[in-house]
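Subject: Handing over the model

Hi,

Here is the structure I said I would pass on. Have a look first, and my notes follow below.

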Amino acid sequence: MCGIVGYLGKGRTRQFVVSRLKKLEYRGYDSSGIAFNKDDKIDNVKAVGNIANLENLITDENEVQCAIAHTRWATHGKPSVKNCHPHSSQSGVWSIVHNGIIENYQEIKEKLKTPTDSDTDTSTVAELLEERNAKTIGDFVEVFKEVQGSYAIVAMNSNALDELFIAKNRSPLYVAENKGEYLVASDPICFVGFAKYYYSFNNYEYAHIKNGKIKFFDAYMNELKKELVELDDCFEETQKFEYEHFMLKEIMEQPEALKRQVKTYRDTNVLAKFNKEFIEKFDYISFIGCGTAYHASMVGARYIERLTGIRASAEIASEFIYKEPVFANEKTLFVFVSQSGETADTLMAMNIAKEHGATCVALTNVLYSSLAKQADYVLPVCAGPEIAVASTKAYVCQLSALYMFARHLNNQIEDKQYNYLKDIELVSSKILDFDQEKINHIADAIKDEMNPIFIGKDLDYIAACEASLKLKEVAYVNATNYPSGELKHGFLALIEDGTPIIVFATEDKVRTKTLNAAHEAVSRGAFQITITNDGGLGYDNLIVIDVDNEYLMPMLEIAPMQYLAYEVSIKKGINPDQPRNLAKSVTVE
Ligand code: M6R
C-alpha cells in the first residue's frame, strides 16, 4: 500500500526518480507526487491517477539533488491533489512521504497549533516536525516518540537540502548506495540497475543521510551497525517483455516458477529440518492468510489432514486476530501464508501466535519480508516477483510448497520416500495445457452475466473460491462461490435463465455429487461450464485436465480460471494489472 522513493546525491533528473517510483505502482496507483530541491526551497508536482499523469507534468530535464516521491493507495482522504503525498508543514520547512497509518493522528491534530494541509493522517506528522522545531536527526527521532502506528517515512527539510531523514515501523523500507548517491525505497525492486546491495530497516529504526554517508539509529539515538543484503537476481524479472500485462505474463510463467520451486526444494533440502522429531511436537497445524493466501491456507489444511492425519484448519488472518486464540499454544504449529510477507493482518496474527508460545512458519514469496524475518522457520515460495495485483503464479507456487510440505511430513511420519518433487514437475509440464481459444469463448459467454456461480466440493470448492475471487478483482464481476452441496439449501432461488455455473469436478469421490448439484441448477436454466479430469463426460463447455492425481488438481484447475478472469477483464476494457480500489500489498489493517 503506497510506494516511496527517496533520492539524495550529486544530481539526477526527476524522471529518474519517477522511473523508480513506477516500479512501485503495484503498491497503489490512485495519485502520485514528487518533492525536490529548487532554488534553495522545496518544490513539488502532484497528479491524480496513475504515475503516467505525473510523468506528463514533468517536462524539463533539470537535475535535482534531493527528492522524495510517492504513489498512493488512499486510506485517509479520497484521492485528490490535496491528499496526494509529499505533504508539507505549513511553512514548507518539512516535506514527507509516508506509507502506513498514523493511528493517533487525531490526537496529534488536536495538539497542533496550525491546521494541516490535507485530510490525511500523514500531514499531522509533517506539521508536528515543524511545530517541535525539529532540525537535526536527534530532533526528528524525538518527534517520533509522539507518533503511533505503522510508518515508513522519508523526509526532507528546506533548510538542509543535502540531507534525508528516515523513520520506519511496521512498513517496509530499504536504502541503497552507489558512489555516494542514495536511493530509499519501500521495495528493493527499485534498486535494480542502481546498486547490487542494500540495507533493510527493522522496526523503530531511523536513518540520516548527509555528505555521502548514512547513519542508522535506534529510538534512543544509539548508532546501529547494519549488514548489507545482496539484491536478488530475480528482480530482473520485473519487466513485461512481449506481454501486454503482467497478469498474463505471470500466468504464462507458471511452468518456470514451478520448476524453480522444485529446484530450490531439491537443492537446498529446505524441508529437512521438519523431521519426525520436529513434527511429533505438534498436535495441530493452523494455516493463516488473507485473500488468495487464505485459499492456499485452506488447501494446505486439507493436504495436512489427508496426508498426515494431523488436525489442521485455515483461518482468515483478520478474523483470527480478534478471536479467542484457544488453540494457540506450544503444541500448535502455525503456518502463515503470504505472497508479500508484509500483509498487516497476517503479521499481527503471527505476533499473537508467538505471544502464546506457538512455533511459526512463514510460507512466503519474499524472503526479506517482515513475515520471514519474524518467523521461526521459512518455507520459500519461488514464484519470483509478482507485480499484477491478482495473485496467480504465487498462488500456484504456494500450493506446490504446501503439497511438498505435507508429503514430506507424511514421509517422516510413515518413514517412507515418496518422491513429491516429481509430482510438481508434472504440474509444471501440464499447467498451461488448457485450450485458450475455448476459454476465450467462455469469456465471451459470461462477460456480461452479472452473477456467475462457482461450485465444487472439498479441494474443488477451494478452487471455486479462488476462481471467483479472480473474476471479482480483475473483471468486477459479482461472482459467488458455493460448496456444491449447499446450493439446494438456499442458493438455487437465485438461478435464472442463463446464470453461468462453473463447476469444478475433479475429485473422484465427490465428482458425481457435484455434477448432480449442477444438474439441479441447469434444470432451472443455468448455463454450465465444467472443469474435470473425466474427459468422457460429454458435456458442452468442458475443460479437461489430463492428470490422475487429485492432490495436484488445486494447482491445475486454477490456471484456466486465471486465464478466464484475465480474458473477461480485457474484454471489459479493464486494466487487469491495476484493478480499481485495490493494491498489491495490504500493509494496513
Ligand atoms: O501478500 P499476501 O499474499 O499476504 O496478500 C494477501 C491478499 O491481499 C492477496 O492474496 C489478494 O487477495 C490478491 N490480490 C488476490 O489475487
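A quick definition to start: a salt bridge here is a side-chain nitrogen of Lys or Arg within 4 Å of a carboxyl oxygen of Asp or Glu. Asp43 and Lys38 form one, with their closest N and O atoms 3.9 Å apart.

Before the rest, two notes on the source. This is a predicted model, so please keep in mind that local features need pLDDT of at least 70 and side-chain atom pairs count only at pLDDT 80 or more, while totals for chains, interfaces and linings use all residues. Residues are numbered from 1 along each chain as its sequence is written, and side-chain values use heavy atoms, with hydrogens and water left out.

Back to the salt bridges. The search of the whole structure turns up 31 of them. Another one joins the side chains of Glu55 and Lys22, at 3.1 Å from N to O. Glu55 sits in helix H2 (residues 51–57) and Lys22 in helix H1 (residues 14–22), so this pair ties together parts that are 33 residues apart in sequence. Helices are DSSP runs of H or I with at least four residues, strands are runs of E with at least two, and both are numbered from the N terminus.

Glu55 is partly exposed at 31%, and Lys22 is partly exposed at 35%. Asp43 has 29% and Lys38 has 43%. There is also a salt bridge between Glu414 and Lys416, 3.1 Å from N to O; Glu414 is partly exposed at 49%, and Lys416 is partly exposed at 33%.

Some salt bridges join up into a network, which links Arg302, Arg306, Asp458, Glu507, Lys509 and Glu550.

Next, helix H9 (residues 291–308). Its 18 residues reach 26 Å from first C-alpha to last, close to the 26 Å expected (1.5 Å times one less than the number of residues). In H9, 14 of the 18 residues are buried, so the helix is largely enclosed by the rest of the structure. Just after H9 comes Gly309, with a positive phi of about 75°.

H9 also matters for the ligand: three residues of the shell around the ligand come from H9, the largest share. Which residues come nearest to the ligand? Of the 14 around it, they are Ser338, Gln339, Ser340, Thr343 and Glu473 (a residue counts as near if one of its heavy atoms lies within 4 Å). For polar contacts, the cut-off is a pair of N or O atoms within 3.5 Å. A polar side-chain atom of Thr343 is 2.4 Å from a ligand oxygen, and one of Ser340 is 2.6 Å from a ligand oxygen. The protein covers 90% of the 410 Å² of accessible area that the ligand has on its own (Shrake-Rupley method, 1.4 Å probe).

Finally, strand S8 (residues 160–169), where nine of the 10 residues are buried. S8 pairs with strand S7 (residues 149–157) in the antiparallel sense over five bridges, pairing meaning that DSSP finds at least two bridges. A hairpin of two residues joins S7 to S8, and Ala155 stands opposite Phe165 in S8. S8 also pairs with strand S12 (residues 205–210), antiparallel over six bridges, and there Leu164 has Ile209 as its bridge partner.

Cheers

Conventions:
Buried means under 20% relative accessible area, exposed over 50%, partly exposed in between (1.4 Å probe, protein chains only). A polar contact is a pair of N or O atoms within 3.5 Å; within protein, one must be able to donate a hydrogen and the other to accept it, and residues adjacent in sequence count only if both atoms are side-chain atoms.
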